[in-house]
Structure formats: structure tokens, C-alpha cells
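I opened this model to go through its pockets, its helix packing and a few backbone details. These are my notes, in the order in which I looked things up.

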Amino acid sequence: MTSKKIYVLVTIDTECDKGNPGWDIQKPLAFKNIPLQKERLLPIFKKFDIRPTYLLSPEVLLHQESVNLLKSFENVELGTHLHEEFIEPNANFNTLRTENIQANLTYEIEKEKLTNLTNLFYDKIGFRPKSFRSGRYGSSKYTNEILAHLGYLVDSSIVPYTTKYFENYEINSWDYTTLPFFEQYGNKKILEVPLTLINPEFEKMPKFLKSEIQKKESKVKSLLKRLGFTFHSRQLRPYRETGLGMIKIAEHVIKNHFKNEPFVLLNIMFHSNEILENGSPYCKNKKEVYDFLLSLEELFNHLKKNHNLCSIGLGDVSTIYSQD
């Protein structure tokens, strides 16, 4: 067993039921996935002493039954998650999908929405949130500054080794790694904790080639692909990876990304509705839900047997990171 602490973060975007098909919002709004957290996920987290972070979207905070249940969960952290359609100003509760991103909002509107979300969380949960993730990872250039001044300690909206394409907007995150970093805004600071992804081929490339690989269209990139390079990014995420796949990703991060750090951070992300059959575009039946849950158990079991497995909430990472 390695002595270095392996901090596992399980960060769950907590939303209403979707997936009929795609990410269509079920009408009327439904929250069947919330009770399933207690039935299907919390026993696994308790077995391996995992402290998950539930990042609550506005529509969940407005559903009192879900709020009451989430507040009853033991050994969890609660934070916020913004799908801007579900919070004023300019809310649209009749939307069929939560497609818009914060980066498409003006500074003033984004600030007001984030302030309203934070105040709603405080009114419903009873304390100030420490952690946040943007819906669709669609942060603007102002998001972290606004969050820092609202008292947040951690954001987790960066997906390394990817480019996200939206209408009128593009978010290129190829230059980020899994390593957290602080951002300072006057006397306020916030820690950015990227999701855990790997891209071994890209990681080994010289800097001048990395810039070509990031481009949507590039003759150099096309040539490298013909030579057998795929540049496929893999995420530490159930359903998209098997248990064995997640173990391989975790081991790559442990051996390569954090080799010079005093600890390792593994940031797993998924949506709360993924463990509900047909509640998202993912698990369609009980077998797929079973495999989803089993893959998490396989990963946690491997880390417990072979490493010094630890777990904290997303908001606590800023304290651990600054102390170490």
C-alpha cells in the first residue's frame, strides 16, 4: 500500500429527472432520482467511507421534498450547480432542455443569477455553500471572480483535454491538467479543481504539437491521426468507463499527474439522475444501473486495497491543498 493519501472526490450534479430522450426534461418536473441516492449510492459511499458532494441545481432547491431528503443524508457535502434557466432573472421553467451556459450571459445577469442561487441555497439548506460547478461546464471569464466574492472556496467546472463547442461560444481546456490551482481576486481567492481526465498521447507531445492538436481542423493533427495517434481523452466517470477502465485512469493519474505532489486528487463526476433508469441519456435499464454502481465499487475497492484511500467534500479541498 502506498503511503501517499489518495483523496477521492465524488462530485454529483444534482438535477431533476431527464432523458426522454437525450437530456430532455421530464414534464411535469420529476425528482425520482433523489430518493435513489439514499437507496443505491449512499450504502456504497458508507462502505468505503466516501464523502460525496451533491451540487444542487436551482430546481432541486425549489423542490422542498428533495431538499428535506438531501439535508438528512449523513457524511455528504452540499454545494451548488447552475442551470441558468431555473433561476431569476429571466428564468424559463417551461424550457425543454437546460442548454444555455453562463458564458452566454452578460456579467450583470450572471452575477445576479449566481447571487440568487447562493441565497436560495442558504434559505433552503441553512448555511453558505462552499463548492460550485457550472451547468454544461459553461463558465464565463467572470464566473470564478463572482464566486470568490460570494464566499465560495472551490469551483470544479474545468474538463481538461477537451474543447466544448456551444452556440456562439467555445471553451478550450486542453492546456489544463488535473492539478488544482488557486485564482486570486483582490483579497479573495478560489481553488479550481478540474475533473479527472487523462490523455496519455497528448501529455507526451512537445508543446508545438500540442497547439496543433487543440485545433478543430489541422493538417498536422490529421497527419498524426493517420499515423495512429488518437488523442482520445478518458474521464474518470462511471458508465463511460468500466470499473477496470476507471482503475487504469486512476493509476495513470497517481503515477503521472501527482508524482511530485504530497497527495493525489481524483475528481469523479456524474449526474444524480444517471442512477435512475431512463432518467438521463445513460442507464436505460436495471442491468446498466447495476453495472454503473458496480464499477464505482470496483474502483473504491482497488484504491482501498492498494493505496491510502481518503475522501473529502469538494469544498474542503481548498483547506487540504493550502495546508499541504
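The entries below start with the ground rules and then go from open space to backbone.

**Ground rules.** I am working with a predicted model, in which local features need pLDDT of at least 70 and side-chain atom pairs count only at pLDDT 80 or more, while totals for chains, interfaces and linings use all residues. Residues are numbered from 1 along each chain as its sequence is written, and side-chain values use heavy atoms, with hydrogens and water left out.

**Pockets.** I searched on a 1 Å grid over the protein atoms alone, where a pocket is an open set of points with protein on both sides within 12 Å along at least five of seven lines, a cavity is a set where a 1.4 Å probe fits but cannot get out, and a lining residue has an atom within 4 Å of a point. Grid points are joined across faces, edges and corners, and the volume is the space filled by probe spheres set on them.

I read a volume of about 390 Å³ for the largest pocket. It is lined by 19 residues, and those closest to its centre are Trp23, His83, Thr98, Arg136 and His271. Sorting that lining by class (Ala, Val, Leu, Ile, Met, Phe, Trp, Tyr, Cys and Pro as nonpolar; Asp, Glu, Lys and Arg as charged; the others, Gly among them, as polar), I get 4 nonpolar, 6 polar and 9 charged residues.

For the second largest pocket I noted about 290 Å³. Its lining has 18 residues, with Ser139, Ser140, Asn144, Ile158 and Tyr176 closest to the centre. I then asked which elements give two or more residues to this lining, and found α5 (143-149), β7 (169-172) and β8 (181-185); helices (H or I, at least four residues) and strands (E, at least two) are DSSP runs numbered from the N terminus. The classes here come to 7 nonpolar, 7 polar and 4 charged.

**Cavity.** I counted 1 cavity of 30 Å³ or more, and the largest cavity holds about 30 Å³ of space. Its lining consists of Tyr137, Ser157, Ile158, Val159, Thr162, Lys164, Ile171 and Ser173, which I class as 4 nonpolar, 3 polar and 1 charged.

**Helix pairs.** Axes are lines fitted to C-alpha atoms, for helices over the stretch in contact, with angles from 0 to 180 degrees between N-to-C directions. The axes of α9 (residues 243-257) and α10 (residues 286-306) come within 8 Å and cross at roughly 40°. That makes α9 oblique to α10, on a scale where under 35 degrees is roughly parallel, over 145 roughly antiparallel, 65 to 115 roughly perpendicular and the rest oblique. The crossing of α9 and α10 is right-handed, meaning that the near helix is turned clockwise from the far one by less than a right angle, anticlockwise being left-handed.

I also looked up α1 (residues 33-47) and α3 (residues 64-72), whose axes come within 9 Å and cross at roughly 20°. These two are therefore roughly parallel to each other, and their crossing is left-handed.

**Backbone.** I found a cis peptide bond between Asn20 and Pro21, with omega about -10°, and Pro21 lies in the loop between β1 (5-14) and α1. The bond from Glu88 to Pro89 is also cis, with omega near 5°, and Pro89 sits in the loop between β3 (77-82) and α4 (107-125). Asp49, a residue other than glycine, has a positive phi near 55°, and lies in the loop between α1 and β2 (53-56).
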